[in-house]
Amino acid sequence: MGGPLNVTQALHLWVLFSIPFIALSGFSHSVEKRNILSTEERAEKRDGVLIEKMNDLQVEELSAIESASTQCVRVGDNERLALQMDGDVLIGGFFPLHYLASELQHSYQSKPQVPPCSGFDHRAFRWMMTMAFTVEEINNKSSLLPGVKLGYRLLDSCDNVHSSLRALFSLLTFSESAAGDEQMLGMRNTIDLTSEKEQTLLTTQDDETPRCLSGSPIPAVIGLASSSPTRAVAQVLGPFDIPLVSYFATCTCLNDKQVYPSFLRTVPSDLFQVGGLVQLVTFLGWQWVGTIGTTDDYSQYGIQEFSNHFRRNGGCVAFHLTIPKSPTAAETQDMADMLQISTANVVVVFAVEGQLWDLFLELSRRNVTGIQWVASEAWVTAGLLTFPNFHDLLEGTLGFSFPGVNIPGLKEFLLNVRPSPEPGMEYINMFWEEQFGCQLRFDLNVTNENEADTLDHRFNLDSQNVSVVTNERINADPKPVCTGSEDLSLTTSSYTDVSRVRISYNVYKAVFAIAHALHNLLNCGSAGINEGMCDKNREFTAGQLLYHLKRGNFTNQFQERVYFDANGEPVPLYDIINWQKDNKGEIRFVKVGGYDGSAPLGQQLKINGSAIVWTGGQSQVPVSQCSAPCRPGSRQARRPGKPQCCFDCLPCADGEISNQTGSTECIKCPDSYWSDKDKVKCVAGVEEFLSFSETMGIVLVLLTLLGVVLTAIITAIFHRFRTTPIVKANNSEISFLLLLSLKLCFLCSLVFIGQPSVWTCMLRQAAFGISFVICLSCLLVKTVVVLLAFRANVPSSGGLKLFGPTQQRTMIFCTTTPQICLCVGWLLGAPPFPVRNPTYQASYGKIVLECKEPWPLGFYLLLSYIGLLAFVCLLLAFLGRKLPDTFNEAKLITFSMLIFWAVWICFIPAYVSSPGKFSVAVEIFAILASSFGLLLCIFVPKCYIILLHPERNIRKGMTGKYR
């Protein structure tokens with residue numbers, strides 16, 4: 001732009017930027033109003049118009065500010081091609097007749113050119129003609145808007161933000177001369193935006209034209225198809241309360257009524273479609289999918305919502321591809337490579353068919369198959385992608401579409417379209433040439449210059465820009481001349497396929513919604529002067545029309561209730577469409593289910609799985625997974641750094657199960673139950689204890705009985721020979737008490753065998769501890785007596801007299817009492833009780849019934865006291881082992897104590913390491929072994945003398961004097 005602007009240039013710039021808003025808002029041309037234009041449009045006007053017009057602006061431009069309140073002023077020529085019909089009320093419409101708009105590089109040295117559009121869309125042209133048909137149908141109805149004729153002005157948005165905004169300003173500011181005097185004469189444009197919101201007035205009127213309905217401007221607009229252009233247009237129209245009713249913009253971003261207060265739509269938002277797609281994908285068992293989108297708002301918001309919902313339902317997105325606006329060959333190949341190498345066999349696509357063309361062509365060229373496509377409503381019924389070269393790739397495509405109907409009379413209307421050289425027929429002429437692949441030549445004798453102008457008027461969408469490409473196209477690619485009488489009924493395209501129209505039906509509903517709002521606004525059919533007719537003399541504002549449009553509620557001829565909720569949304573109804581080949585090998589869109597977003601959860605999705613043809617014509621549901629579901633008996637272990645759908649399968653631990661495929665966690669079996677070998681169910685645990693019926697129990701019982709019998713026999717022998725010296729030695733009373741305690745030691749082992757109960761658990765350790773303490777106390781007394789007897793042979797020794805029978809009994813009582821007190825306190829304070837111990841289920845699969853000791857210290861104190869007595873006894877016996885008596889009992893006690901200590905020292909590690917019932921068996925064995933050791937070592941030698949050598953059973957034999 002060179003150096004800084006001077007004051008005159010700045011003023012000129014202010015005028016240029018203010019006048020378009022004066023055209024929209026009448027009196028107001030403040031800086032705040034200018035932010036309605038997009039940044040891109042301001043840049044184009046600044047860079048282009050300023051350079052071209054700066055030196056030509058005169059004082060008349062400045063005077064436009066003063067006259068702006070009474071006259072609409074236009075800067076430059078903003079007219080666009082339009083299909084139009086006059087009427088008392090005009091409705092605007094935007095349709096993406098072309099789906100590719102090139103991006104021009106601005107030089108900032110000349111006026112920006114209008115970007116050329118390419119890629120004629122027959123389906124979008126059908127939408128445009130459906131609006132024309134609907135307006136004509138309403139005008140022919142006597143019950144709707146009687147006496148009022150609707151008109152329309154329909155423009156091409158090129159599916160582009162910049163083109164849509166240009167078309168918008170052309171729509172709202174078109175002049176009588178541009179529209180044609182024969183069509184627009186006498187029309188007046190008035191927009192009164194309510195007196196409560198700083199109303200503005202836009203007028204382009206003849207002074208002689210009265211202020212009445214016949215001069216109303218565009219009070220409502222129908223459009224657009226894509227979400228990004230719709231957002232731009234809705235943001236411009238919102239402050240003026242001009243209704244914008246979309247038939248195909250589904251982005252959830254348009255729900256914001258603070259930003260888009262005048263936006264409504266006859267198509268549900270993506271919020272409902274996303275919920276339905278997630279339910280569909282999840283219902284079919286697909287948890288590993290890829291996504292493809294574009295750079296526009298529709299795709300970005302749709303993919304984002306789908307991904308979030310899908311992840312919350314346990315799914316994973318394997319990859320996401322974004323198709324650029326104008327992808328290069330390298331970018332297209334990279335995307336195709338990703339689709340080929342990915343393990344995801346299901347791909348969800350939010351895009352329009354024109355944006356997918358290059359990618360699908362590349363995949364078809366590579367003969368890629370096996371991908372299950374899930375389509376959004378934007379392309380699920382797009383005939384552009386049903387060409388034979390796409391059949392192998394796209395057959396079996398599944399997706400959501402809007403409910404389709406067969407509109408009576410629409411097919412005939414579409415087939416009666418004919419080209420014409422009249423102004424306003426340019427779009428029809430374009431369609432005709434695209435449909436039949438020919439060129440229209442209405443006058444074969446025109447000069448090349450006029451021919452170029454005519455073709456430019458048809459193809460470049462800006463009647464003021466003569467494209468150089470036009471003549472090159474004529475010379476480089478000559479086509480046959482159209483006669484204009486070609487028969488559309490003999491062609492097959494998305495334009496003529498109206499068996500089940502969907503987007504066209506949304507257009508149809510949008511026009512009827514506006515007509516019903518006008519009907520209520522104009523008091524049509526009410527009693528009064530104009531009874532049965534509409535009040536044509538009533539002036540209204542766009543805001544008033546918007547109010548009635550939001551409150552509209554009617555039932556159309558298809559018995560569908562048409563209304564808008566608080567967000568301007570219709571009832572969320574969808575058809576589930578499947579791409580199937582018919583007998584002729586052509587793709588047909590077959591309804592295989594439905595989705596009702598207003599139904600209760602769980603009743604929204606209805607699908608006929610048997611009617612679906614999957615990718616490649618298969619009859620089985622495709623599988624798409626990162627990892628195969630884990631079989632029952634195992635669980636999923638997520639791989640580090642990978643999505644949750646990528647995992648390894650690990651077997652359940654012992655005591656845990658998983659009885660479902662794909663379990664993420666194993667379930668722990670309840671108490672007393674255990675997992676089976678396959679880890680798929682919990683079975684009742686096998687109770688284990690040392691029973692009397694098993695071999696080990698029988699052996700231990702026999703050993704116990706043997707010990708009791710031997711003790712009884714020895715007791716009988718001692719009783720029979722109780723008067724003999726060998727029995728009387730060391731106090732026969734203590735010998736009988738020792739035999740009794742040994743018998744109790746043998747018998748206490750029986751309490752350890754059998755199923756534990758409360759009483760047996762309490763008696764086990766107490767009987768064991770007290771019996772052994774009595775036994776050891778007797779041995780201790782015997783040892784002391786032996787030592788004192790030896791000292792009795794020493795002169796002046798009176799120790800034996802001081803340790804008589806009474807003192808011996810007292811000593812036994814004193815050494816036994818602490819153990820008895822300990823056991824009583826233990827049983828009263830924290831008694832052992834029976835429990836089911838599952839600790840060993842992992843190793844043996846059994847539940848051990850055992851006695852649990854809540855106070856383990858009591859058991860250790862009991863053993864410690866027994867050990868203390870045994871140590872003292874061993875020490876004293878060891879000191880008296882070399883006494884000179886022939887029958888030295890101290891030697892026998894020493895040997896028996898050595899056996900006792902050996903047994904119990906081995907017992908401790910064996911007891912700790914033995915599992916379950918074996919620990920009980922170890923304790924029983926230790927009791928029996930130590931009892932047998934004491935019995936045999938102390939009493940068997942005496943019985944040997946009593947029974948086999950009675951000659952030695954005399955006093956001399958006991959003192960060593962017998963030879």
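Predicted model: local features only at pLDDT ≥ 70, side-chain atom pairs only at ≥ 80, totals over all residues.
Me: How many helices and strands does the protein have?
Reply: Helices (H or I, at least four residues) and strands (E, at least two) are DSSP runs, numbered from the N terminus. Here there are 30 helices and 29 strands.

Me: What share of the residues is buried?
Reply: Buried means under 20% relative accessible area, exposed over 50%, and partly exposed in between (1.4 Å probe, protein chains only). Of the 963 residues in this protein, 52% are buried.

Me: Which residues form a nonpolar patch on the surface?
Reply: Patches are made of residues with over 30% relative accessible area and no salt bridge; like charges are joined within 9 Å, nonpolar side chains (Val, Leu, Ile, Met, Phe, Trp, Tyr) within 5 Å. This patch holds Leu868, Phe871, Val872, Leu875, Phe878 and Leu879. Together they have about 560 Å² of accessible area. Look at Phe871 in helix α27 (residues 856–879). Phe871 counts as partly exposed because its relative accessible area is 47%.

Me: Which residues does Lys149 contact, beyond its neighbours within four places in sequence?
Reply: Contact means heavy atoms within 4.5 Å. Lys149 sits in the loop between α4 (122–139) and β5 (150–156). Its partners are Met85, Asp86, Gly87, Asp88, Val89 and Asn139. The C-alpha atoms of Lys149 and Asn139 are separated by 5.8 Å, and the two are 10 residues apart along the chain.

Me: At what angle do α4 and α18 cross?
Reply: Axes are lines fitted to C-alpha atoms, for helices over the stretch in contact, and angles run from 0 to 180 degrees between N-to-C directions. The axes of α4 and helix α18 (residues 503–521) come within 9 Å and cross at roughly 35°. Contacting residues include Trp127 and Phe133 of α4, and Tyr508 and Phe512 of α18.

Me: What is a salt bridge, and how many are there?
Reply: Side chains of opposite charge can pair when their charged atoms come close. The rule asks for a side-chain nitrogen of Lys or Arg within 4 Å of a carboxyl oxygen of Asp or Glu. The count here is 18 salt bridges. One of them joins Glu353 and Arg123 (3.2 Å, N to O). Glu353 lies in helix α12 (residues 353–365) and Arg123 in helix α4, 230 residues apart. Both Glu353 and Arg123 are buried.

Me: Where do Glu560 and Lys509 lie?
Reply: Glu560 is in the loop between β16 (553–555) and β17 (561–563), and Lys509 is in helix α18. Their side chains meet in a salt bridge (3.1 Å, N to O). Lys509 is buried, because its relative accessible area is 8%.

Key
Residues numbered from 1 in each chain as written. Heavy atoms only, no water. Areas by Shrake-Rupley, 256 points an atom, 1.4 Å probe, with all protein chains shown as cover.
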